[in-house]
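Q: I'd like to learn how to read the overall build of a protein from its model. Could you walk me through it?

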Amino acid sequence: GWLGRADVRAELGFVYGEGRMFAEAVDWLDKALRSGAGDCPVRVAEQWGNFQVRLAAQQWADLRRTAGNADPAMQMRRAEIAEQIERALSELDVINTRASTPERLRLLGSACKRLAWVQEGQPRTEAMLNMAAYYRTAWDDSKDSDAYALTNWAVACLLLEHIDGQYR
């Protein structure tokens, strides 16, 4: 019975996430969200989205090591990984729309950063524009100095300027 509780499942998900075992983390957090017994904090949904994005980024890194860019299977898998990130972004955005916090904005910025890494062309530019916007808002909304948000916003701006001078 105790392993069916949302709070226990959530803690297992968080532990797996800390160990960078994102597939297991996503699975346990999903179980926590679906559990009818025990408390399930909003943080579970936030980290489920975060770990989904990180899992997709791991899959992309593995794929890049094993396949060539011209491989048609790689291009198909790239699209699947981008879609996985976009689904997680949508879930994170729902939570952020309801109650925005600098942490949620940083999670969204991080997801856009990883999406930009997977994408090419205009979709990459759009992901970087969103990354910059989320990190800038996180920086603006932080009560303390948020070096992480500031640094990532600056990197997004520099990359956008490198791609196309219109983003100065």
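A: Happy to! Let's begin with the radius of gyration, judged against a rule for globules. A compact globule of 168 residues would come out near 15 Å, and this protein has 17 Å, which agrees. Keep in mind that the model is predicted.

Q: What box do the C-alpha atoms fill along the principal axes?

A: The C-alpha atoms take up a box of roughly 60 × 45 × 25 Å.

Q: How many helices and strands does the protein have?

A: There are 7 helices and 0 strands. Read from the N terminus, the order of elements is α-α-α-α-α-α-α.

Q: How should I read burial and contacts?

A: A residue is called buried when its relative accessible area is under 20%. Here, buried residues account for 40% of the 168 residues. For contacts, look at sequence separation: of those between residues at least 6 apart, 58% join residues at least 24 apart.

Q: And what does the surface look like?

A: The accessible surface is about 9400 Å², with 52% of that belonging to carbon and sulfur atoms. As for charges, the protein has 21 positive and 24 negative ones, and their mean positions lie 2 Å apart.

Notes
Residues numbered from 1 in each chain as written. Predicted model: local features only at pLDDT ≥ 70, side-chain atom pairs only at ≥ 80, totals over all residues. Heavy atoms only, no water. Helix = DSSP H or I, 4+ residues; strand = E, 2+ residues; numbered from the N terminus. Rg over C-alpha atoms; globule rule 2.2 N^0.38 Å. Buried < 20%, exposed > 50% of the residue type's maximum accessible area, 1.4 Å probe, protein only. Contact = heavy atoms within 4.5 Å. Areas by Shrake-Rupley, 256 points an atom, 1.4 Å probe, with all protein chains shown as cover. Lys, Arg positive; Asp, Glu negative; His and termini not counted. Charge placed at Lys NZ, Arg CZ, Asp CG, Glu CD.
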